[in-house]
Structures are given as structure tokens and as C-alpha cells.
Amino acid sequence: MASKLTTSNRTGWLFALPAVGLIALFIIVPFFLAFGFSLTNQRLISPNPTEYVGFENYESLLGLAVITLEPERDDGGNILRDEEGQPEYPRVRTITRSDDYPQYRGMREWFRWQSGDNARVVIAGDVIFMKALVNTLTFVFVVAPVQGGLALCLALLINQKLRGINVFRTVFFMPVVVSIVVVSLLWRFIYDGNDGLLNNILQGLTFGLFEPVDWLGNTDTALGSIIAMSIWQAVGFHMVIWLSGLQTISPTLYEAAEIEGASKWQAFRYVTWPGLRNTAVLVLIVITMQSFAVFAQVDVMTNGGPLDSTQTLVFQAVERGYGKQDISGGSTISVILFLVVLAISLLQRYLTREKA
Amino acid sequence: MADVSLKQVRKSYGNVEVIKGVDIEIEDGEFVVFVGPSGCGKSTLLRMIAGLEDITSGTLEIGGRVVNDVQPKDRGIAMVFQTYAIFPHMSVRENVAFGLTIAGASKEEKDRKALEAARILQMEHLLDRRPSQLSGGQRQRVAIGRAIVRDPEVFLFDEPLSNLDAALRMDMRMEIGKLHKHLSATMVYVTHDQVEAMTLADKIVVLRDGIVQQIGAPMDLYHNPANLFVAGFIGSPAMNFMDVEVLDQSADGVTVKAPALDPVKLPGVGEAFTANSKAKLGIRPQYLSVAPDTHAGALHGKVALVERLGTETVVNVELTRGGRIVAALAEDRPLELGTDIALGFDPGQAHLFNETNT
Ligand SMILES: Nc1ncnc2c1ncn2[C@@H]1O[C@H](COP(=O)(O)OP(=O)(O)OP(=O)(O)O)[C@@H](O)[C@H]1O
Ligand SMILES: [Mg+2]
């Protein structure tokens, strides 16, 4: 039995056509195209025909190896040391460019650590991609719990019957409705190394003892600064979701808990938190997805720098696809990002499932 | 020992006073029921005893101790809510033992007390279920179980049965009655339901607009209502009222008459009435019978509506000389609409109220 919706509703479908068409054109088709392009050497504009290359793109992005470097020794077998007394090692490129090791060809050093006298070096097929991956994961694993937790705290504070509480509600929600690009621009001024608001405030609070920091120009602080600003920007949105969850909890449950002698904390633990379970799953998944897609902040504030310390996956995908006209490389990153997000969402669903 | 005593208790929300100076003495072990129309302040009063609402003025004592400013948990009370208020994510066992969990009791103690309470309420087999797997009646049992585990001196019930269907309500009503005998704790119970009030209560408090109308044993209220409101509120179908004129007042009774009623002498009615004044005559439907020539002057009319309930027949009679009257006739009687009928009543069972005595 065909439903009425699909058979005799031509007008309805006609109305839906523009939206469906646009969604198909800009979301569904590109989604499948990305899979296709990631298996080719497609470029944005190229005189050469596109060729099928199999998983080569994935291999060059994900290629990872650990090599062990033995220190250089003199003829007597003693370790050669530099002025600071550190052992000297052969250069990595002696291996990655050597014909003896074709499997390491084209790879570069990502980072190394010391193991006894030897140095172990992690080499990657695409170091920038690896940095982007690590930065994105860091971003997600910091933003998801901190933003979710902060939003919950704000929601708990706001969920009270006080005069003027709506003012706070509005204030916290305001950054959400401002474009992230605008917010990023404003925060660039706040983070400014010379005369930024943040430096000024910190100096004021410490009576001038604080040394101004170029927050976005320093590899140690750039990613953290973007994380802090991102948390601030969207916390109001998640606060509202938590609030709606809080309002579904019957006030009688709190009264029952009060009569049983529950403290504020116990009421939270036994009434509020279990009542927010579904909301928590929602908030967590939404933040995770949004965080994986972090792009605009990086694009406006740092362009991935300094020294690739704020590279992210989406930024890299765009940078490659359009900056370097390497559509296949960009597509490959998108597909990898999709798989990572899918895996993490499934894991979250599994971990937060309703235990029967 | 936990008697509860309210002295000139008042409650205002902003400028609106909803409890207007209530005095109630509840003795230890007594079962007291608050009744009254919706919005009269029953729940508010109960919640003030529980400590969920502040007391604007007056004093509340539980067990001889003034508890106006004592936390709910320290008042020695337990409360059962109309909406059960059991925690949806906890098993029945955890729900019942919730107070002990809060107090940090050991697992053995929790299990023992939960089982004990479950046994009293015959729900041992439900202990491992979740609230979503329970019927309404079972949920209310869980809520009562949680109250029992607290071992309170005073149980507070706010319309605990109004979300249940009629048959279950009757079961649970008896259950609560048994529980009261078993625990012999003080119980304060709010309800809309007359039957619950009449069957459970040692003492009924009738409230109206935040003012106590009458306090007394159920039969006391039924037979000797203090005013028109109580007379109309207690008893079902409601008492019939008729505007009458007092003709004569003497030591052995008051003689009244109305357009629809020939003069009749009501024995045993008080001296508060003077000749030639107006009053209201109250006759319970149950005391009217189809017996034209018995006792006093009969009321003649036509049958306007018949409700046959099996055990009794409720007849709405349009009186020939103006007015309507409702009679609850014993046994099932097939009466045709529009037939003539004459109703008589025992003047000794009639009530007379002053116009001012509303
Ligand atoms: N928080 C409040 N603010 C203002 N007025 C209130 C508040 N709570 C209750 N009231 C008022 O107090 C009065 C008594 O309410 P209460 O809930 O005690 O009535 P009730 O007798 O229990 O009625 P019901 O039988 O419908 O449950 C009502 O008129 C109600 O509108
Ligand atoms: Mg109520």
C-alpha cells in the first residue's frame, strides 16, 4: 500500500524540490564524489586526464613508521657529541632518501624521542596531516567535556526563579547568534600580542608583572587560545539544550528528595543527572561533531600557524583542495574525517546506551 | 509521640492569602483527612506541615516541638504525592531505600528495610523492577514503601489515589486503612473523594477558601453539619436546600413553611431561630421516600430525571409548587419520566440553617 505522501502529492513534492535539490547538489552528491575523488589523482584544474590510483592517497596521508637511529661513532667506537654533549645522529634523510629503504621514501620526521643511546624517530608520509589530526583530536577532547560541563553549570545557575534571570540567559546566548567569523575577528584583537585586551587585563590584575604574550603567534598558546574562544562562543547554545532537559524533570522529584534529606549535591546526583541522561548524550554528540568540523576560527585567526600548530583536518582539506588545487588530497582528508567522526559517534552511542 | 498542632497558621503568596488562620489539633496515631473544593488550600496546608512551603505566620508543632523553621527531613514526616514522585531510573528496591542511601546506610540495612516494607505492601516480587514496568497502583505502593522505610511519626498523603481507576482506588484505600492500623502512626490525608474521607478518617477537616469550616468524626459531620457549606459538601448526592419561613419557635422544635411545603414542625432544632425569620431547610436525598401520607406534609411533583444505580435510584423531582428536589430511593425502582410523585421525609432527620450561617 503506497502512502498518500508519495503518490498523490505532486504539489507537495514540487514545493520540496528546491530544498531537496540543493541538499542533493551540495551535500549528498559531494559526499559520494569525495569517496570517488579520494581514489584518483583529480586536481581542481589540470590539463592531464584523471587517473584511478587506488588507495595511494590514503597511504601517503596515513603512512607512519618508527625508525631507530644509532649515534655516530668515531673510529674507536666512541659516540660523537656536539658542543652541548648531545650525541650526534645521522640525518633522517639519509634513510628516507636511500634506495635501501624504498618503503620510507618521501617520508619526513614528525617527532623523535631518546631511547638509551639511540634516537627513535617517527616519520610520517604527511607530517602536516598528522599535526592536523592530532590538533583536531586535542580540540575535540578538550572542547567536548569542558564546553559540555560549563554549559551544564550555566544551565543550573540559570534554571532558578530569580528576577532578571532572562537577562543572563540572553547574554550567554548572544555569542551563538553572532557569526563565528565576526567572533574570530574580535578575538584576534583580544588575543593581540601588543595591545590586546587579554594582555592588558592580565597586566592590570598582576600590577604589571605579567609579560605580554602573543597568544596566537606562539606555538605553545595558539591552539589553546582557539580552544578557549571556541568554548566561549558556543557554550550558550548547549546551555539552552541543557536547560530544556532540566525543565523536563518534575519538581515533585526534588521535593521527594528534599523530604528524604537529600543535600543539594545528592539531589543533583540522584535526580538531576539521571534525568539529564538523554540530553547529555545529545549534547556530547553535537559538540563532538561540531568540534571535528573546526575551521572558521583557524582560517580567520591563524591560518594553521604558527608552525602548523593550529592545523586542523577541515582546514587542511580546504587548504589542499582549493589552496593547492589538490582535490583528491582534500577529498581523502574529508573521507578520513568522516570515518573518524562516525567511529567516535558509534562509540559514544554504545557507551551511553540505555542499559536494560 | 507525634501529635500535630496548627495554631493560627497562615500562608500568603505575595498579597494573596490562601490559608487564613487555621487551627487544627491532630492527636498521635490519628487519621485525619482534609477535604474541600479544589483550590481551597488542602495541598498548601499539607505542604506546610511537610516543610515544602514556608509558614507565613502562626505555629506548627509536631510532637510538641515547634517546627516552623525545621528542615523537612528533620520533621519526622514522610510524604506520598499524587504523581508518585518515584525516581524513574532507580529500581523499586533503590527507590524504597532512597532515604537510607541518602543517609549513607549499609547495603544490608537497605536491603533488609526495603524487603520489610515490600512485605507490608505485598510487593516483594516487584523489588527488582523499574518504575516504567509498573502499573499506577504498583507505583503508588512504591511511593508508600519509601515513606514506610523512613519510619516517620507522621505520614502525609496528597491525593495519593486520584490517578488510579475506581477499582484500584478501592483496593488501595483499604490497603492504606490497614497500613494505618498496622503502623499506628499519625496520618494526614488530602482528598477530593468523599468515600475515602468517610471511610478512612478518624477526623475530617473541611476547608473552604483557606478557612476551616468544621472538624469532626465523619458521622458527626454527616449528621450534624455546622453550616450550609459542610452540609452541602458532605454526602452524596448533595443535600437538598429549600428556602423556608420560620413560623414558630418553641421548646420542642421549630415550625417552618415554604411555598412547596405545608407547615411542618422540626423537633430538636436549636433556639437560634426566631419566628418570622427566613432560614434554609436541608434534607438529605436518602431521607426522602415515596410515602405521601407519612409524617409531615408531603412534597408533590413530577419525575424529571431518573438515575438507576442498582442499589439505589436517584430521582430528580420538579415540584408542583416550585423548586426541585433530589431523592435517593433505596432499591431499584423503574420510574417513568413525567409521572406524579409525592415524597415524604422524617422531620427529625431534617436540618435547619440560618441564612447568615453559610
Ligand atoms: N505558588 C503559588 N503561588 C500563588 N498561588 C498559589 C501557589 N500555589 C498555590 N496557590 C493558590 O493557593 C490556593 C490553594 O492551592 P492548593 O494547591 O492548596 O489547593 P488544593 O486545595 O490542594 O486544590 P486541589 O484540590 O485542586 O489540589 C489556590 O487558590 C492556588 O491558586
Ligand atoms: Mg491539591
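Select B:P237 in this predicted model, and you will find B:P237 in the loop between α9 (228–233) and β11 (240–250) of chain B, where helices (H or I, at least four residues) and strands (E, at least two) are DSSP runs numbered from the N terminus. The peptide bond that leads from B:S236 into B:P237 is cis, its omega being near -5°. Residues are numbered from 1 along each chain as its sequence is written, and chains are lettered from A in the order in which they are written. Local features need pLDDT of at least 70, side-chain atom pairs count only at pLDDT 80 or more, totals for chains, interfaces and linings use all residues, and side-chain values use heavy atoms, with hydrogens and water left out.

Staying in chain B, move to B:E331, which sits in the loop between β18 (324–330) and β19 (340–345). Its phi is positive, about 70°, although B:E331 is not a glycine. With a relative accessibility of 56%, B:E331 counts as exposed, given that buried means under 20% relative accessible area, exposed over 50% and partly exposed in between (1.4 Å probe, protein chains only).

Now select the whole of chain B, which has nine helices and 20 strands. Its C-alpha atoms fill a box of roughly 75 × 45 × 35 Å along the principal axes, and 51% of its 358 residues count as buried. Chain B exposes about 15900 Å², with carbon and sulfur atoms supplying 49% of that area; accessible areas come from the Shrake-Rupley method with a 1.4 Å probe, and for residues only the protein chains shown count as cover.

Next, turn to the contact between the chains, to which chain A gives 14 residues and chain B gives 23 residues, contact meaning heavy atoms within 4.5 Å. The area buried between chain A and chain B is about 1600 Å², and carbon and sulfur atoms give 68% of it; buried area is the accessible area (1.4 Å probe) that two parts lose on being put together, summed over both.

After α10(A) comes A:G261, with a positive phi near 95°.

Further along chain A, select A:D308, found in the loop between α13 (296–301) and α14 (313–323). The phi of A:D308 is near 60°, a positive value in a residue other than glycine, and A:D308 is partly exposed, with a relative accessible area of 21%.

Finally, display chain A as a whole, in which the secondary structure comes to 15 helices and three strands. The radius of gyration of chain A is 26 Å, well over the 21 Å that the globule rule gives for 356 residues, so chain A is more spread out than a compact globule; the radius is taken over C-alpha atoms, and the rule is 2.2 Å times the number of residues to the power 0.38. The C-alpha trace of chain A spans about 85 × 70 × 50 Å along its principal axes, and 39% of the 356 residues count as buried.
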